[in-house]
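Work through the exercises below with the sequence and the structure at hand. Each task is followed by a solution in steps.

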Amino acid sequence: MRHKMCETMVLTLVLAVGGIAVLFCLPLNQQLFACGAMIIVCTVVFVCLLEMMLLRKMLVKHAEKLLDTLDDMIAEKEEISFSEYHDTLTVKIQDRMKQYHEIMIYTREENQKEKEMIQSMVSDIAHQVRTPAANLKMFAEILGRNNLSEERKKQFFTMMEAQTEKINFLMDAMTKMSRLETGLVSLHQKRQSLLDTLAEAMSEVMPKAMKKGITVTVSCPEETELIHDRRWTVEAVFNLLDNAVKYTDPGGKIKIDVNQGQFYTKINISDTGRGIAAEHLNKIFQRFYREPEAEGEEGIGLGLHLAKEIIELEKGYISVASVVGEGTTFSVYLLNEPDSTVPKRSD
């Protein structure tokens, strides 16, 4: 419409110039020439004013439609109808509004996901703390009685200490998990020996392994180096080793094998434990998930979840293979060079 108005105004001006040129050609006296020229100029001015009024009316109409669209966006409506325009500038404005609306929807969905995640975490914390807190309250009430022997009091104090340690362990694990899931962890990656990293993780789990008579061996070339954050990698590997020790019977074996490829370094952590049923393999990395068969073992179901979050933060990944009654192998893949371009993996 705007283009048509401009064409009309240009045509009017051309006709006006042509009309004045014709007046010059006609044998008119000065008074008639001035009168004719005045009529032509007034006609041009009138047509221009009319076109400007129509243009203003059109712009107001378009602005009102755009404002209605903005009101719908402010009201966070999911479906917004955009009018079809042929004006180039209006189309550009509408395209920007469409992009902003898509960004708004995406941001709202992400905020909703974060809100649900926080609510889930709070619910999980409350659920996990409830049992030891109730036990502490019960033990405190029992200790308040006067008819308990010193031996019984010591037993209850020992149980209270165990419940307190459980809460401390839970809070520590939850703190690590929340930092990972909310992106508050800063990696300090540098090229360093992988064997030293594995040795540090093994040193933390060896007391439990020795207590159960479990043999832990490692096969890793001394020259193997890759860029990684030692502190968090130790945390991830320790959680996998701790899980292996927990579900391996006394006298069993745990083996760590390292193979460095072109893009990834693969760390296999294999055990001779009870294994994981196929129907549970896709759930074991979920937060607070525990197999029904693991109810008798200590733990709260955060170790594997933390390990997965840490390795993925380092742009690696974890896979698992298991046979019930024979054992489980967790495979950790860490990039040799975090900034390198690698082919997409197929699961």
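**Exercise 1. Decide whether Phe285 is buried or exposed in this predicted model.**

Step 1. The relative accessible area of Phe285 is 15%.
Step 2. A residue counts as buried under 20%.
Step 3. Phe285 is therefore buried.

**Exercise 2. Find which ring pairs with Phe285, and classify the pair.**

Step 1. The ring centres of Phe285 and Phe330 are 6.1 Å apart, and their planes stand at 80 degrees.
Step 2. Planes over 60 degrees apart count as edge-to-face, so the pair of Phe285 and Phe330 is edge-to-face.
Step 3. Phe285 sits in the loop between strand 5 and helix 7, while Phe330 belongs to strand 7; 45 residues separate them, and the pair links distant parts of the chain.
Step 4. Phe330 has a relative accessible area of 2% and is buried.

**Exercise 3. Describe the aromatic pair of Tyr264 and Tyr333.**

Step 1. The structure has five aromatic pairs.
Step 2. One of them joins Tyr264 and Tyr333, with 6.2 Å from centre to centre and 90 degrees between the planes, an edge-to-face arrangement.
Step 3. Tyr264 is in strand 5 and Tyr333 in strand 7, 69 residues apart.
Step 4. With 17% relative accessibility, Tyr333 counts as buried.
Step 5. Ring pairs also bring in Tyr317, giving a cluster of Tyr264, Tyr317 and Tyr333.

**Exercise 4. Work out the order of the strands in the open sheet.**

Step 1. Strand 2 (residues 215-219) pairs with strand 4 (residues 253-260) in the parallel sense, over five bridges. Within strand 4, Asp257 is opposite Ser219.
Step 2. Strand 4 runs antiparallel to strand 5 (residues 264-271), and seven bridges join the two. Thr265 of strand 5 is the bridge partner of Gln260.
Step 3. Three residues lie between strand 4 and strand 5, which form a hairpin.
Step 4. The open sheet has five strands in the order 2-4-5-7-6, with mixed pairing. Strand 2 and strand 6 are the edge strands, each pairing on one side only. From one strand to the next, the twist averages 15 degrees.

**Exercise 5. Compare the salt bridges of Asp242 with Lys208 and of Lys308 with Glu312.**

Step 1. The closest N and O atoms of Asp242 and Lys208 are 3.0 Å apart. Asp242 is in helix 6 and Lys208 in helix 5, so the bridge ties together parts 34 residues apart in sequence.
Step 2. Asp242 is buried at 12%, whereas Lys208 is partly exposed at 37%.
Step 3. Lys246 joins Lys208 and Asp242 in a network of salt bridges.
Step 4. For Lys308 and Glu312, the closest N and O atoms are 2.9 Å apart. Lys308 and Glu312 are four residues apart in helix 7, so about one helical turn separates them.
Step 5. Lys308 is partly exposed at 26%, and Glu312 is partly exposed at 37%.

How values were computed: Residues numbered from 1 in each chain as written. Predicted model: local features only at pLDDT ≥ 70, side-chain atom pairs only at ≥ 80, totals over all residues. Heavy atoms only, no water. Pairing = 2+ DSSP bridges. Axes fitted to C-alpha atoms, helices over the stretch in contact; angles between N-to-C directions. Phe/Tyr/Trp six-rings, centres within 6.5 Å; stacked < 30°, edge-to-face > 60°. Buried < 20%, exposed > 50% of the residue type's maximum accessible area, 1.4 Å probe, protein only. Salt bridge = Lys/Arg side-chain N within 4 Å of Asp/Glu carboxyl O.
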